[in-house]
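Hi,

Here is the structure I promised to pass on. Have a look at it first, and my notes follow below.

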Amino acid sequence: MRSKVTVVGAGNVGATLGQRVAERDYADVVLVDVIPDMPQGKALDILEAGPVLGYDSLVIGANGYDETAGSDVVVITSGIARKPGMSRDDLIRTNQGIVTQVTREIVSRSPNAILICVTNPLDAMVQLTWKVSGFPKNRVIGMAGVLDTARFRAFIAQELGVSVRDVQAYVLGGHGDTMVPLARLSSVAGVPLPNLIPAERLEQIVQRTRDGGAEIVQLLKTGSAYYAPSASVLQMVDSIILDKKMIMPCSVYLEGEYGINGLYVGVPAKLGAKGVEEIIQLDLTETERAALQKSADAVKELIGVMGI
Ligand code: APR
């Protein structure tokens, strides 16, 4: 039987992800959105590309959840972006309402699914998803680190004029100002990054990585990034559905790892058929550990705003 991947929120990230998953040809896809007819229209459009590109994935759109029943992986992208005049806390509470409702609908019909949360503020929303779902921690994961790392790798490859495939890098911590790009443990064809790029220039690249989302927002004017975010979720879905056991930075529930307890924070994890199959513990310096702790504190503060 083919696997089933549901994407809730058929906006920019969700619909592009739906397209990318359909093109992989290993799963049927369900797109869900509150906007009447919109997910149905996008799903039909993606389905009709199948004969041209050669995939047989069934793609359907829905405004309800019955079609999502028995999903193997569910990706939550539903939410709203911050509007002018809206405070950060108002945004959190609005997305809290959306993610809570969506998670309840999903878990009642797909009790064995693995949930991937994409809605911002990411680390707080994935903690909420985990709490509302009642699922074990290995089956609720947040997407942030793959995207942040992809941005870091793209900038490094450009800087050095090498293939992105030769750049190994890690970005840990929360998705946002407190992210922790680990230049020390990043390398190009095995050569540590600090040996290749002068410290001052490296710091500029690290800062550009931190501001990666904002740079795109500024250029697009309306809306935020979705090509790289959807590609990043796809890599997680690939590793789960195909049981590839790839190691990538994800927001996962920590219980003592890295000295952090009871919080979702971005660290390297092995993803396979069971979801998070292992949390990889890197040897961090005191400064790196402190930066990760700062990230964790920021997540804790947002969780406080949600009152969960
Ligand atoms: N149920 C289902 N879908 C919903 C709900 C809901 N309760 N509320 C909103 N949506 C839908 C919207 O109708 C919209 O189509 O979620 C979709 C979000 O899509 P976009 O606005 O295009 O946002 P996108 O750029 O895709 O980003 C999605 O990812 O990066 C994060 O912060 C970003 O939370 C945002 C998410």
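How many salt bridges are there between domain 1 and domain 2? The count is 3, where a salt bridge is a side-chain nitrogen of Lys or Arg within 4 Å of a carboxyl oxygen of Asp or Glu. Asp-238 and Arg-24 form a salt bridge, with 2.8 Å between the closest N and O atoms.

Before you read on, a word on the ground rules. This is a predicted model, so local features need pLDDT of at least 70 and side-chain atom pairs count only at pLDDT 80 or more, while totals for chains, interfaces and linings use all residues. Residues are numbered from 1 along each chain as its sequence is written, and side-chain values use heavy atoms, with hydrogens and water left out.

**The two domains**

Domain 1 covers 3–142 and domain 2 covers 145–306; the bounds come from an automatic or database domain assignment. Their centres, taken over C-alpha atoms, are 22 Å apart. In contact (heavy atoms within 4.5 Å) are 37 residues of domain 1 and 38 residues of domain 2. About 3,200 Å² is buried between them, and carbon and sulfur atoms give 68% of that. Buried area here is the accessible area (1.4 Å probe) that two parts lose on being put together, summed over both.

There are also 15 residue pairs in polar contact between the domains, both residues at pLDDT 80 or more. A polar contact is a pair of N or O atoms within 3.5 Å; within protein, one must be able to donate a hydrogen and the other to accept it, and residues adjacent in sequence count only if both atoms are side-chain atoms. On the side of domain 1 that touches domain 2, the elements giving two or more residues include helix H1 (12–24), helix H4 (88–109) and helix H5 (122–133). H5 gives the largest share, 8 residues. Helices (H or I, at least four residues) and strands (E, at least two) are DSSP runs, numbered from the N terminus.

**A few other spots**

The structure holds 15 salt bridges. In one of them, Arg-2 pairs with Asp-28, the closest N and O atoms being 3.0 Å apart. That pair links distant parts of the chain, 26 residues apart: Arg-2 is in the segment before S1 and Asp-28 is in strand S2 (residues 27–32).

Asn-120 and Pro-121 are joined by a cis peptide bond, with omega about -5°. Pro-121 lies in the loop between S5 and H5.

Cheers
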